[in-house]
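Here is a short briefing to read alongside your structure.

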Amino acid sequence: MKVGRNDPCPCGSGVKYKKCCLHRNKSADMNTTSVYAKRYNIRLKTARDVEAIREAGTLVLKTLDQVEAAIRPGMKTDEINTLVDEFSRRHGGIPAPLNYRNFPKSVCVSVNEVICHGIPGQRVLMDGDIVNVDVTTVLNGYFADASKTYFIGQPGPDARKIVSVARTCLDLGRRQVKPGSTIGDIGWAIQQYAESHGCSVVREFVGHGVGFEFHEPPQVPHFGRKNTGLKLVPGMVFTIEPMINLGGADLKILDDDWTAVTRDGSLSAQFEQTILVTDNGFESLTPYEL
């Protein structure tokens with residue numbers, strides 16, 4: 001409940017809030033902001049920042065909706081790139097991946113054994129494939145990031161399993177987010193679920209802070225131990241994006257220096273959302289049903 005300046009202080013002192021805990025709370029907020037900036041290089045987001053990231057996230061989701069409506073067997077992955085690029089720009093956004101560290105396309109499209117950073121090109125989607133489409137959009141200077149893994153045509157049992165496990169991993173990771181929890185809690189929940197279903201968690205790629213830049217601190221591993229790592233505080237914004245393999249966790253990077261694939265050729269799936277730590281839990285700034 002929001003407390004007004006002239007309301008009784010919720011601490012029970014009987015004094016008005018403005019003459020009791022108001023300044024103490026403001027001082028505590030300022031101290032947390034300063035500590036996280038200086039010690040961890042994490043810039044906590046204000047309400048204004050959050051609204052701007054949420055608007056960017058809305059455009060990301062609309063872009064993914066366009067992809068979902070168009071994706072089909074026989075489609076080239078480069079057609080997905082064209083769709084994402086044109087739709088983003090038509091609505092005032094800029095595709096963040098394009099030219100980021102020399103990445104040549106506007107979106108990452110990762111098919112079957114490709115874990116992440118798949119470069120769109122002439123690969124044709126086939127019936128039974130799974131494909132992850134990872135969209136990051138800049139809108140009015142703010143970044144939002146989300147991805148989904150789609151079925152192409154009729155999926156087989158392995159495809160259904162890995163997509164289901166990856167989707168649930170994101171949901172379980174999100175549910176760990178609240179003030180006072182730790183980064184390790186997120187990774188622990190994801191790792192426990194994935195491995196209990198005979199799958200593995202990719203170690204080399206992790207979630208990350210986002211909002212002012214494409215990639216910011218903190219890093220958010222999708223494996224770990226409970227009650228370890230950085231404590232979460234309101235105003236933190238980061239992605240949770242577990243990459244889950246049907247087989248082993250080992251990977252290799254192809255000669256293009258970007259595309260990461262499972263070393264054993266097994267299927268890999270991923271779901272990703274941009275998450276805000278609120279005063280009493282979390283909010284997805286790129287929300288979709290899991």
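Predicted model: local features only at pLDDT ≥ 70, side-chain atom pairs only at ≥ 80, totals over all residues.

Residues are numbered from 1 along each chain as its sequence is written, and side-chain values use heavy atoms, with hydrogens and water left out. Helices (H or I, at least four residues) and strands (E, at least two) are DSSP runs, numbered from the N terminus.

**Helix α3 and its surroundings**

- Helix α3 covers residues 77-90, which makes 14 residues, and it reaches 20 Å from its first C-alpha to its last. That is close to the 20 Å expected at 1.5 Å a residue, where the expected span is 1.5 Å times one less than the number of residues.
- The buried residues of α3 are T77, I80, N81, L83, V84, D85, F87 and S88. Buried means under 20% relative accessible area, exposed over 50%, and partly exposed in between, with a 1.4 Å probe and protein chains only.
- These buried residues pack against α2 (47-70), β1 (94-95), β2 (108-111) and β4 (130-139). Contact here means heavy atoms within 4.5 Å.
- After α3 comes G92, which has a positive phi near 85°.

**Strand β2 and its partner**

- Both faces of β2 are covered, with C108 and S110 buried on one side and V109 and V111 buried on the other.
- β2 pairs with β4 in the antiparallel sense over 4 bridges; two strands pair if DSSP finds at least two bridges between them.
- Within this pairing, S110 has N132 of β4 as its bridge partner.

**The sheet around N245**

- An open sheet of 3 strands runs in the order β6-β10-β13, with antiparallel pairing. The edges are β6 (200-201) and β13 (268-270), each with a single partner strand, so one side of each is left without a neighbour in the sheet.
- Strands β10 and β13 are antiparallel and are joined by 3 bridges.
- N245 belongs to strand β10 (residues 243-245) and stands opposite S268 in β13.
- Is N245 buried or exposed? N245 is buried, at a relative accessible area of 0%.
- A polar atom of the N245 side chain lies 3.0 Å from the backbone oxygen of G248. A polar contact is a pair of N or O atoms within 3.5 Å; within protein, one must be able to donate a hydrogen and the other to accept it, and residues adjacent in sequence count only if both atoms are side-chain atoms.
- Leaving aside neighbours within four places in sequence, N245 has contacts that include I115, I162, C199, D250 and T262.

**A second open sheet**

- Another 3 strands form an open sheet in the order β3-β12-β11, with antiparallel pairing. Here β3 (114-116) and β11 (251-253) stand at the edges with a single partner strand each, so one side of each has no neighbour in the sheet.
- Neighbouring strands of this sheet are turned by 40° against each other on average, direction ignored. The axes are lines fitted to C-alpha atoms, for helices over the stretch in contact, and angles run from 0 to 180 degrees between N-to-C directions.
- 2 bridges join β3 to β12 (residues 260-262), and V114 stands opposite V261 in β12.

**Cysteines**

- How many disulfides does a search of the whole structure find? The search finds 0 disulfides, a disulfide being a pair of cysteine sulfur atoms within 2.5 Å.
- C108 is in no disulfide, and its nearest cysteine sulfur, that of C116, is 7.5 Å away. C108 counts as buried at 9% relative accessibility.
- For C169, the closest cysteine sulfur is in C199 at 7.7 Å, too far for a bond. C169 counts as buried at 0% relative accessibility.

**Backbone features to look at**

- P217 and P218 are joined by a cis peptide bond with omega about 5°, and P218 is found in strand β8 (residues 216-220).
- N102, in the loop between β1 and β2, has a positive phi of about 70° although it is not a glycine. N102 is exposed, at 69% relative accessibility.
- N140, in the loop between β4 and β5 (142-151), is a residue other than glycine with a positive phi near 55°. N140 is exposed, with a relative accessible area of 64%.
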